[in-house]
Amino acid sequence: MNASARGTNPATLFQRVSQHGLLWPVLALVVLLLACGLKSPGFLDVATRDGNLYGQLIDLLRNSATPLLLALGMCLVIATGGIDLSVGAVMAISLAVSLTHLASVPDPSAPGAVATAVVLGLVLGVVIGAFNGFMVTALGIQPFIATMILMVAGRGIAMLITKGQITTVTSPPFKSIGSGFVLGVPVPVVIAGAVFVLVALAVRRTALGMFLEAVGTNREASRLAGVGARSTTWVVYVLAGLLAALAGIVYGAPTMAADANNIGLLKELDAIMVVVLGGTRLDGGRFHLGGLVVGALLLSTLERAVIVFELPSQTTPLFKALVLIAVCVAASPALRSRWRSRPPRTRRPVATEVAA
């Protein structure tokens, strides 16, 4: 039997599908969507109003933009064997800087003022990412400790920027970053999709992806092979800071309020959860960007399911943990290895009567 015939064999195809790392996250997502659809009729409907798409599914896509942006940066950092716990604080700082700038200008709705506010927030994210990279690569501090510094101190910085107040501004152009539409599609979805494509092209069409996997698999071996381990690691922390700043602007733009105590709170854990659900191992090496989309959608659907089933919002972390445990156990290498090593069932021979 040739290779193409084996590929189309139903048994072989089923085995490949059953062993794919995204099988269980996708199944969990489908089950949650169907359960929400049964509980709330019309949940799966998509309507068009004034040329724009509306519906619960569209809201799920919109809500998935922030965790996807965070997870993209977190995935690249984890691929190098590190971790970034400061992304939630970066969200609060970038939004605080952007809104504080808008509050200080005479016309917050002017295109120039909005563009400057966005650039200031993104630049600050780059600076924080460079600081994290410096701590990890130049000083040799463990990524968990290096990024935990800003995780703890970041909200204090945001409080200093907003002077301990919740900064509120009225600026329709800035608000449209989080609640507007482009050709009927929500702006956050467009931003997250464009960023995803750019990151995918950067890591799959250039040598950056290979460098990330080499550094994450064996840093010393990659250095001896000529890979710039330090510069590669520094770059991914800068990217993680930039994407976290963008996520903060997208997340806080609809409300136009910079609440330093609550913006981005525990979002670093959501980003790690999305990365894990997407099939990327936390010990570095190989990473899967496509799985991040499934993980972000699963996270947003789970949060919406808590509302649909009228459960207390305080129980949301519990259901996140249950889904994470179920998916990780089902996709665990040990369980999959045991499944592969299970001997195939053999049919018992059917007794046949021989005519005398």
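What follows is a set of questions and answers on this structure.

This is a predicted model, in which local features need pLDDT of at least 70, side-chain atom pairs count only at pLDDT 80 or more, and totals for chains, interfaces and linings use all residues. Residues are numbered from 1 along each chain as its sequence is written, and side-chain values use heavy atoms, with hydrogens and water left out.

Q: Why is cysteine 36 called buried?
A: Buried means under 20% relative accessible area, exposed means over 50%, and partly exposed lies in between (1.4 Å probe, protein chains only). Cysteine 36 has 0% relative accessibility, so it counts as buried. Cysteine 75 is also at 0% and is therefore buried.

Q: How many disulfides does the structure hold?
A: A disulfide is a covalent bond between the sulfur atoms of two cysteines. Here the test is a pair of cysteine sulfur atoms within 2.5 Å. The structure holds 0 disulfides.

Q: What makes aspartate 270 buried?
A: Its relative accessible area is 11%, so aspartate 270 is buried. Aspartate 270 sits in helix H13, residues 267-277. Helices (H or I, at least four residues) and strands (E, at least two) are DSSP runs, numbered from the N terminus.

Q: Which residues is aspartate 270 in contact with, leaving aside its neighbours within four places in sequence?
A: Contact means heavy atoms within 4.5 Å. On that basis, the partners of aspartate 270 are Leu299, Glu303 and Lys320.

Q: Is phenylalanine 144 buried, exposed or partly exposed?
A: Phenylalanine 144 has a relative accessible area of 43%, so it is partly exposed. This residue lies in helix H7, residues 143-162.

Q: How do you know that methionine 256 is buried?
A: Methionine 256 has a relative accessible area of 4%, so it is buried. Its place is the loop between helix H12 (229-252) and strand S6 (257-258). The phi of methionine 256 is near 55°, a positive value in a residue other than glycine.

Q: Why is glutamate 310 called exposed?
A: Glutamate 310 has 69% relative accessibility, so it counts as exposed. The loop that holds glutamate 310 runs between helix H14 (290-308) and helix H15 (316-330). Glutamate 310 is not a glycine, yet its phi is positive, at about 55°.
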